[in-house]
Amino acid sequence: MVHTLWHTYLPSIFDWVIETSILASVLVVFLLCIRFALKKWLTPQWKYALWLILIARLVLPWFPESSFSIYSILPINPEPAPIVSPESTATPPEAIAEVPVITEDVPVEINVYTIFLCIWILGVLIAGIFIILTNRRLYNYISKQPEITDKRVLAIYRQCKENMSIKKDIPLHYSGKISAPTLFGMNKPRILLDEKHVKHLEDDQLKYIFYHELSHYKRKDISINLLMNCLLIVHWFNPILWYANRAMREDQEMACDNMALTFINPAERTAYGHTIITLVEQYSTYYQPSTLAHFSKNKIRLKRRIIMIKKFNKKSQLLTAVGFIAILGVSAFSLVDVKAETTESQKQEMAAKMKQEEAVKQEAADKVASGEYTKQMAADYKAKMASDNATEEVANAEIDKKVDAAYEEKKRQMAEQNAAKKAEDAAFNKKMAAATEEKKRKDR
């Protein structure tokens, strides 16, 4: 079991991870180019949706083939489909299976591939354990924080939930040392607020915070962040994917700002931007794992968010159409694999290869047939020898029987002769005794 896992499954998974990571890196560059080319036409929601294509590329194990794949720029020659020669003869698999194969115990060789495989496994274990322990520590810390019971805050929060048509019970908790407002938890979500925010922020500022964090909930950002973190554990060695994750998180924040602004009056946009700046000034990095949905401190991207807030415009049909077309176009070119195209030279090469394989198969079949004939001859000879031995045994038994019968007959005859001789001797002795008695009688 361990041998099969190490020599079969792990190398296959590692090869797939490396290939997927390379293709995903190309996709990241392509997505950045699309976002730059259409930056004035793509809304924050559509920019964020583009990153979901990257997640699909990293998760799905199979994609259809296409000649218009963006991965055709890579110096990878996909193996064309095998060409079946009409002159090829099929060799039964059972015949090939009977070709004797000499196996030897080959010592395990530590090569470069094995070293990289071990490094990758070690990195996955370290990254996975670190993220699990960090989130476990955070969960234990948040579980100890009390629930917010301030009536003013709860009234504003209930009104925001009602305006966003959210019926799920999402409690408010104090965040402790986590200074930024945060949406925490996937199965049992809760919103974390700093105690200073509860006491000192105005009603409108609290409303903006709740709209933003509830937007994270409606967009299922916690689940997406968790999935992306699992993918980063597997692809921990790829810096391009780590950069893509940061860019995706910033687009995620802007998409939530965009959704929150749809529930805010146009006159309050500036106040919303000022609230974000105020929160960023009080931002701390204590307990901020990447699975949370919280405000960003990056100044460049913060500037982009403020500009987006100032230029916010309700969705138009044109922008929706541009975003939809961009998603379909990128998916059509990226969620496909390079199609294997065979040139004439490749066809000739494949045909020659097929003929060579057929020759090897035929030779193997001939060896098997020859081996079977020899085996049959040996079986026939063995059967003949067995038959001859059986015949010889029968003949020997008959001879032994005849010898025994002759011996018995000879023994019987000798017994009769001995009996006749004894009878003659007895008669002779009797005559001699009679003669002796007769002579004695006469001498008297």
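Reply: Let's start with Tyr272, which counts as buried because its relative accessibility is 2%. Buried means under 20% relative accessible area, exposed means over 50%, and partly exposed is in between, using a 1.4 Å probe and protein chains only. Tyr208 is buried too, with 2% relative accessibility.

Before going on, please note that this is a predicted model, in which local features need pLDDT of at least 70 and side-chain atom pairs count only at pLDDT 80 or more, while totals for chains, interfaces and linings use all residues. Residues are numbered from 1 along each chain as its sequence is written, and side-chain values use heavy atoms, with hydrogens and water left out.

Now to the rings themselves. A pair of aromatic rings is described by the distance of the centres and the angle of the planes. Rings of Phe, Tyr and Trp (its six-membered ring) pair if their centres lie within 6.5 Å; planes under 30 degrees apart are stacked, over 60 edge-to-face, and the rest tilted. That rule gives 7 aromatic pairs. One of them joins Tyr208 and Tyr272, edge-to-face, with 5.7 Å from centre to centre and 65 degrees between the planes. This pair links distant parts of the chain, since Tyr208 belongs to helix α7 (residues 203-218) and Tyr272 to helix α10 (residues 269-281), 64 residues apart. Helices here are DSSP runs of H or I with at least four residues, strands are runs of E with at least two, and both are numbered from the N terminus.

Trp236 and Phe237 make another pair: their ring centres are 5.9 Å apart and their planes meet at 85 degrees, so this pair is edge-to-face. Trp236 is partly exposed, at 28% relative accessibility, and Phe237 is partly exposed at 30%.

Elsewhere, Phe14, Tyr113 and Trp120 are linked into a cluster by ring pairs.

Rings can also have a charge as a neighbour. The charged end of Lys220 sits over the ring of Tyr217, 5.0 Å from its centre. To count as sitting over a ring, NZ of Lys or CZ of Arg must be within 6 Å of the ring centre and within 35 degrees of the ring normal.
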